[in-house]
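Let's take a walk through this structure together, one region after another. Keep the view open beside you and follow along.

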Amino acid sequence: MAYDDLRSFLRALEREGDLRRIKAEVDPHLEIGEIVDRVQKAKGPALLFENVKGAAMPLAMNVFGTERRLAKSLGLKGPEEISEKIAGLLKPELPQGFTGFRDAFGKLASMAHVPPKNVKSGDAPVHEVVLTGDDVNLDDLPALFTWPLDGGSFFNLGLTHTKDPDSGIRNLGLYRLQRHDRRTIGMHWQIHKDSRNHYAVAAKRGERLPVAIAFGCPPAVTYAATAPLPGDIDEYLFAGFVAGERVRMVDCKTVPLQVPADAEVVLEGWLEPGEMLPEGPFGDHTGFYTPQEPFPALTIDCVTMRRRPILQSIVVGRPPTEDGPLGKFTERFFLPLLKIIIPDIVDYDLPEAGGFHNCVIVSIDKKYPKHAQKVMHAIWGAHMMSLTKLIIVVDADCDVHDYQEVAWRALGNTDYSRDLSVVEGPVDHLDHASYQQFWGGKAGIDATRKLPEEGYTRDGGWPEMVTSDPETAALVTKRWKEYGL
């Protein structure tokens, strides 16, 4: 089973020697960021900074910094298990198209252990301490100034709760949060995000939007917040499915929203229409600074927390970072769901070096001319996969996770006058390479074997790949010790 809260998981890591307590005073201005970046790139342990300069609580970092730790926190053996869980749920129906995608998730609601359950305030650890009005002081929370050109200090793992003003459907998202002052934070809601749409609807009506931000949530909830789910899919239903148990929820004190009862810290406030402040620059997961832009500014009216709370955050920047394991788990989870929409797909890989959305490597069992191009355009039409900038299509016998083999296929199997598709379409809000914001050029590379029907009419057809003679290979394997190698 997954862990019920952050602190129980940290205790388990400490028992295994996979958590280090940093007792020396450390500065959240650049110093913590430098420490964490080095440790996470070395695949080192989780870190608990117990003495953060200027803050009133410890800071947990690099908690999900390896696939093993993330899997352990979710009660799984590895990223493949999450794919197996969802694939098993979908069988034998394997519904087709986007409707089938939603229906597949809808089936989760009938599983008694999945839907979140409500608890009273008195049973919620996050309501052990309640601060309102002038008692609210965000300076007590350790925000990170990570990179030299950042525009300020940020909270990087606050789970933001909003709800659609029309339907009332809630959304859980993960956005960076700049601390402007002791009661104000900037909401970095990108153009493609559901919370931004909620704010736009409320602002158009002249209404304020309730917002709650939770830190140090149960690991399955934190993971669910990172997954790019469709807007009508409840992240808490997803978290319950991943964890194998229902998430405990409690009503907020001052806003009509619910948050995890076992979170460490929750910020509550109302976002007024038109309240904007300059936000950024920020050294983001792309490895580049994103520019300063105006974003909504939220005034915090209430803070609830556990006694002796622990804040959790992450450091993002040039990969590899803690984003890596989170992205890889989402990649594996969405494989069976992506196959519902695009059944042609055998497997796919989202390289961390591409920020998980700049590049998709996909394998197919090619059956007809221009099959690869059909798959490219299907991916560009599939929910948030639409932001993909480069798609490389290879044959089914290629391991999409072996980048050396993928490069060999892509570099050797491509006639760029025929096998390169260039289109325009939406790109990520943070993409700095597009010559204008929000849209730009994309490319698809057909690195599959070419068929005569596609115009490949050279004598002998597409050449065979060089492989060992099976009998000789078996003989050499059998005699290997004799060779003294």
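Start with Cys302, which counts as buried because its relative accessibility is 0%. Keep in mind as you look around that this is a predicted model. The disulfide count comes to zero.

Next, the nonpolar interior. In soluble globular proteins, nonpolar side chains tend to be buried together. Here the largest nonpolar core has 77 residues, and those with the most contacts inside it are Tyr223, Phe333, Tyr348 and Val362. Helix α9 (residues 323-341) supplies the largest share of this core, with eight residues. Apart from it lies another core, this one of 37 residues, including Val39, Leu138, Tyr175 and Val303. Setting aside neighbours within four places in sequence, Val362 is in contact with Ile345, Asp347, Tyr348, Val375, Ile379, Ile391, Ile392, Val393, Val394 and Val400.

Side chains of opposite charge can pair when their charged atoms come close. How many salt bridges does the structure hold? There are 39 salt bridges, and Asp347 forms one of them with Arg332, with the closest N and O atoms 3.0 Å apart. Asp347 sits in strand β20 (residues 345-349) and Arg332 in helix α9, so this pair ties together parts that are 15 residues apart in sequence. Are the two partners buried or exposed? Asp347 is buried, with a relative accessible area of 18%, and Arg332 counts as buried at 3% relative accessibility. Arg332 also meets the side chain of Glu331 in a salt bridge, at 2.9 Å from N to O, and Glu331 is buried as well.

Elsewhere, salt bridges that share partners join Asp5, Arg7, Arg248, Asp262, Glu264 and Arg306 into one network. Another bridge to find is the one between Asp139 and Arg179, whose closest N and O atoms are 3.7 Å apart. This pair links distant parts of the chain, 40 residues apart: Asp139 is in the loop between β5 (129-132) and β6 (154-155), while Arg179 is in strand β9 (residues 177-181). Asp139 counts as partly exposed at 40% relative accessibility, whereas Arg179 is buried, with a relative accessible area of 18%.

From there, move along to His198 in helix α6 (residues 194-205). His198 counts as buried at 7% relative accessibility. Leaving aside neighbours within four places in sequence, its contacts are Thr162, Lys163, Asp164, Pro165, Ile169, Asn171 and Leu209.

Then there's an open sheet of three strands, in the order β4-β12-β13, with mixed pairing. Its edge strands, β4 (117-118) and β13 (258-260), each pair on one side only. Strand β12 (residues 248-251) pairs with β13 in the antiparallel sense over three bridges, and Met249 stands opposite Pro260 in β13.

Finish at residues 326-447, which an unreviewed UniProt entry annotates as "domain: 3-octaprenyl-4-hydroxybenzoate carboxy-lyase-like C-terminal". Over that stretch the chain is 33% helix and 26% strand, and its end C-alpha atoms are 28 Å apart.

Terms used
Residues are numbered from 1 along each chain as its sequence is written. This is a predicted model: local features need pLDDT of at least 70, side-chain atom pairs count only at pLDDT 80 or more; totals for chains, interfaces and linings use all residues. Side-chain values use heavy atoms; hydrogens and water are left out. A nonpolar core is a set of buried Ala, Val, Leu, Ile, Met, Phe, Trp, Tyr and Cys residues joined through side-chain atoms within 4.5 Å. Buried means under 20% relative accessible area, exposed over 50%, partly exposed in between (1.4 Å probe, protein chains only). Helices (H or I, at least four residues) and strands (E, at least two) are DSSP runs, numbered from the N terminus. Contact means heavy atoms within 4.5 Å. A salt bridge is a side-chain nitrogen of Lys or Arg within 4 Å of a carboxyl oxygen of Asp or Glu. A disulfide is a pair of cysteine sulfur atoms within 2.5 Å. Two strands pair if DSSP finds at least two bridges between them. UniProt positions are given in the numbering used here, feature names are shortened, and annotations may be inferred rather than shown by experiment.
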